[in-house]
Amino acid sequence: MDVRVRALETLLTKKGYVDPAALDRIIETYETKIGPHNGARVVARAWVDPEFRRWLLHDATAAIASMGFIGRQGEHMVAVENTPAVHNMVVCTLCSCYPWPVLGLPPVWYKSAPYRSRAVIDPRGVLAEFGVTLPPDTTIRVWDSTAEVRYLVLPARPAGTEAMDEAQLAALVTRDSMIGTGRPLSAAGH
Ligand code: FE
């Protein structure tokens, strides 16, 4: 695959269809600037700022954009909040739609056929495999991403974090907790 990609890139560059410097910029952007650390900042702000939380749940696209996280695959964002009664989990049953500006590029398992089918058929079983066991009376809501709408799960703030500031809280927010297949780290950081 690596050789094939190089051959393709060389050919496209020779024909003048792509600019290698532009490709480098795109790769660097997704390696360093765009990733789950962006989403973690959104979640942490929602945990400390009730006004922002309301805005995020009402108009996630605008609330997220206000923090500078905009771009492809994030044009229409919806934030869904985990509560003791409802646990949210995100999938793209058709392919791999994912909110790039806040989570970066999707993990391999998110794109895999087993996750995409089983997340809908047996969400509780899939969650258990990710180490997330929920009380039987917690409703699991599965959100199927589309070509237009991308979802961000707002996980519940971990107990014992009352004294933490926004930056410390952001460090507890894992990628999987924002997909709904994981939980944030505990106050102790694990
Ligand atoms: Fe998709």
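Modeller: In this predicted model, the largest nonpolar core holds 43 residues, and those that touch the most other members are Val42, Leu56, Ile64, Val102, Tyr115 and Leu152. Helix H3, residues 36-48, gives the largest share of this core, with six residues. In general, nonpolar side chains tend to be buried together in soluble globular proteins.

Take helix H3 next. Its buried residues are Asn38, Gly39, Ala40, Val42, Val43, Ala44, Ala46 and Trp47. H3 has 13 residues, which at 1.5 Å a residue should span 18 Å; the C-alpha atoms at its ends are 19 Å apart, so the two values agree.

Leaving aside neighbours within four places in sequence, Tyr115 is in contact with Met89, Val90, Val91, Trp109, Tyr110, Val126, Phe130, Ile179 and Thr181. Among these partners, Met89, Val90 and Val91 bring in strand S2, which covers residues 86-91.

Strand S2 is mostly covered, with six of its six residues buried. The burial applies to both faces: Val86, Asn88 and Val90 are on one side, while His87, Met89 and Val91 are on the other. S2 is joined to strand S3, residues 139-144, by six bridges, and the two strands run parallel. Within this pairing, Thr139 of S3 is the bridge partner of Val86.

Ser96, at 26% relative accessibility, counts as partly exposed.

Gln73 sits in the loop between helix H5 (60-65) and strand S1 (76-81). Its phi is near 70 degrees, a positive value in a residue other than glycine. Most residues other than glycine have a negative phi. Gln73 counts as buried because its relative accessibility is 19%, and the cut-off is under 20%.

Asp59 is found in the loop between helix H4 (50-58) and H5. At 31% relative accessibility, Asp59 counts as partly exposed. Asp59 and Val78 are 19 residues apart along the chain, and their C-alpha atoms are separated by 7.1 Å.

Ala147 lies in the loop between S3 and strand S4 (149-154). With a relative accessible area of 68%, Ala147 is exposed. From Ala147 to Ala22 there are 125 residues in sequence and 25 Å in space, C-alpha to C-alpha.

Ala21 has its place in helix H2, residues 20-33, and is partly exposed with a relative accessible area of 45%. The C-alpha atoms of Ala21 and Val48 are separated by 40 Å, although these residues are 27 residues apart along the chain.

Towards the other end, Arg183 lies in the segment after helix H11 (175-179). Arg183 counts as partly exposed, at 45% relative accessibility. Neighbours within four places in sequence aside, Arg183 is in contact with Val132, Thr133, Leu134, Thr174 and Ser177. Arg183 and Glu28 are 155 residues apart in sequence and 28 Å apart in space, C-alpha to C-alpha.

Finally, the chain as a whole. The secondary structure of the protein chain comes to eleven helices and four strands. The radius of gyration is 18 Å, close to the 16 Å that the globule rule gives for 190 residues, so the chain is as compact as a globular protein of that length. Along its principal axes, the C-alpha trace spans about 60 × 35 × 30 Å. Of the 190 residues in the protein chain, 38% are buried. Among contacts between residues at least 6 apart in sequence, 66% join residues at least 24 apart.

Notes:
Residues numbered from 1 in each chain as written. Predicted model: local features only at pLDDT ≥ 70, side-chain atom pairs only at ≥ 80, totals over all residues. Heavy atoms only, no water. Buried < 20%, exposed > 50% of the residue type's maximum accessible area, 1.4 Å probe, protein only. Core = buried A, V, L, I, M, F, W, Y, C linked by side-chain atoms within 4.5 Å. Contact = heavy atoms within 4.5 Å. Expected span 1.5 Å × (residues − 1). Pairing = 2+ DSSP bridges. Rg over C-alpha atoms; globule rule 2.2 N^0.38 Å.
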